[in-house]
Amino acid sequence: MMTCVWCGKTRKNSRYARVVWDDLDSTWYRCGECGSLMILPRPSGKLIRKVYENDYLNKRLQPHTGVDSRIRYAKEYRPTVFAEYELSLADLRIKKTGVRSILDFGCADGVFLEFCKKHFNANTKLYGTDISEHLLGQAKDNGWNVVPLGDLEKLGRTFDLITLWDVIEHLDDPGAVITRLKKLLSPRGQILLETPRVGALSEQFGEHWPHLLPVQHLSLASKEGMQKFARRMWLMIEKHVSFGGNAPGSVVPQPYKGAYDRLAKKLDFGDVQLVTLKKKS
Ligand SMILES: [Zn+2]
């Protein structure tokens with residue numbers, strides 16, 4: 001038994017799937033309360049650090065077809081990634097104006113900051129942080145204002161928008177991180193989470209669901225798990241949508257992909273969720 005990092009309940013977990021990739025081996029369990037999935041036993045801190053060490057973005061660290069993290073950071077893929085950000089912010093009703101400061105938590109090489117510079121007002125202050133020193137160095141070389149994870153509070157400022165794109169599922173204790181980030185929110189600030197969503201679609205993929213990444217993804221939230229998580233964090237859900245992020249063009253070709261994506265969003269069966277969280281006023 002392990003306490004679910006999303007709903008906070010300690011229930012009997014049922015075995016869901018075993019995913020093995022090279023020397024990485026993980027067994028996924030389902031929370032008996034909210035249906036979220038988690039790796040048990042948790043990989044050691046040493047193993048987790050090893051996975052993120054050096055050149056993380058250039059490694060192919062996943063066994064499933066269709067999704068490859070390397071693509072995401074390739075320069076030629078920028079327009080696609082930027083179009084995704086644009087769509088996500090529109091879905092979440094985040095306006096271009098009025099956002100004075102942004103912190104991208106898990107900024108990697110600065111891809112989202114690059115988008116923000118084009119998308120938001122010129123005077124919007126942009127900051128990034130990442131667990132990987134290597135990536136922080138890269139982001140810094142790219143000209144971005146980055147700080148090590150431990151130094152966020154030293155900035156002595158708050159943010160109107162804190163973003164975690166594909167980050168929270170990598171964290172051992174999402175609650176601890178959100179509790180910390182909550183203190184860095186301006187009074188009307190929002191935390192944006194993008195993370196896979198366990199649900200009807202992931203069930204269809206079963207053990208082949210591309211988000212069951214050994215060691216990297218530690219816990220994947222269901223819709224209910226995310227709702228209970230927000231409540232536990234004393235945060236209000238401002239907006240909560242899903243999209244069919246799991247059907248890259250290579251798996252579902254156009255024009256079907258467009259129709260599929262729209263349907264997934266409309267009927268809310270997408271296997272990626274987007275959430276904005278606000279402090280209770
Ligand atoms: Zn749960």
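**Entry 1: the whole protein.** I began by reminding myself that this is a predicted model. I looked up the secondary structure and found nine helices and twelve strands. Next came burial: of the 281 residues, 52% are buried. The accessible surface came out at about 13,500 Å², and carbon and sulfur atoms hold 54% of that area. I also checked how far apart in sequence the contacting residues lie. Taking contacts between residues at least 6 apart, I found that 71% join residues at least 24 apart.

**Entry 2: the nonpolar cores.** In soluble globular proteins, nonpolar side chains tend to be buried together. With that in mind, I asked which residues have the most contacts inside the largest nonpolar core. They are Trp6, Ile162, Leu164, Ile178, Leu181, Ile191 and Leu193, in a core of 34 residues. I then looked up the elements that supply at least two residues each to this core: the strands β6 (101-105), β8, β9 and β12 (272-279), along with the helices α6 (174-182) and α8 (223-232). There is also a second, separate core, with 27 residues; Ile102, Cys107, Leu161 and Leu274 are among them.

Setting aside neighbours within four places in sequence, I listed its contacts as Leu103, Phe105, Leu152, Ile162, Leu164 and Ile191.

**Entry 3: the second largest pocket.** I turned to the second largest pocket, which holds about 190 Å³ of space. Its lining has 13 residues, and those closest to the centre are Gly98, Val99, Asp160, Arg188 and Gln190. Two elements give two or more residues to this lining, namely β8 (159-165) and β9 (185-198). Which of the elements gives the most? I found that β9 does, with three residues. Sorted by class, the lining has six charged, four polar and three nonpolar residues.

**Entry 4: Gln190.** I wanted to know more about Gln190, one of the residues closest to the pocket centre. Its place is in strand β9. Is Gln190 buried or exposed? I noted a relative accessibility of 16%, and because the cut-off for buried is under 20%, Gln190 counts as buried. Beyond its neighbours within four places in sequence, Gln190 is in contact with Ile94, Asp160, Leu161, Ile162, Leu185, Glu238, Thr276, Leu277 and Lys278.

Definitions and conventions
Residues numbered from 1 in each chain as written. Predicted model: local features only at pLDDT ≥ 70, side-chain atom pairs only at ≥ 80, totals over all residues. Heavy atoms only, no water. 1 Å grid on protein atoms, 1.4 Å probe; cavity = no way out; pocket = protein on both sides within 12 Å on 5 of 7 lines; lining within 4 Å. Points joined across faces, edges and corners; volume = space filled by probe spheres on them. Helix = DSSP H or I, 4+ residues; strand = E, 2+ residues; numbered from the N terminus. Nonpolar A, V, L, I, M, F, W, Y, C, P; charged D, E, K, R; others polar. Buried < 20%, exposed > 50% of the residue type's maximum accessible area, 1.4 Å probe, protein only. Contact = heavy atoms within 4.5 Å. Areas by Shrake-Rupley, 256 points an atom, 1.4 Å probe, with all protein chains shown as cover. Core = buried A, V, L, I, M, F, W, Y, C linked by side-chain atoms within 4.5 Å.
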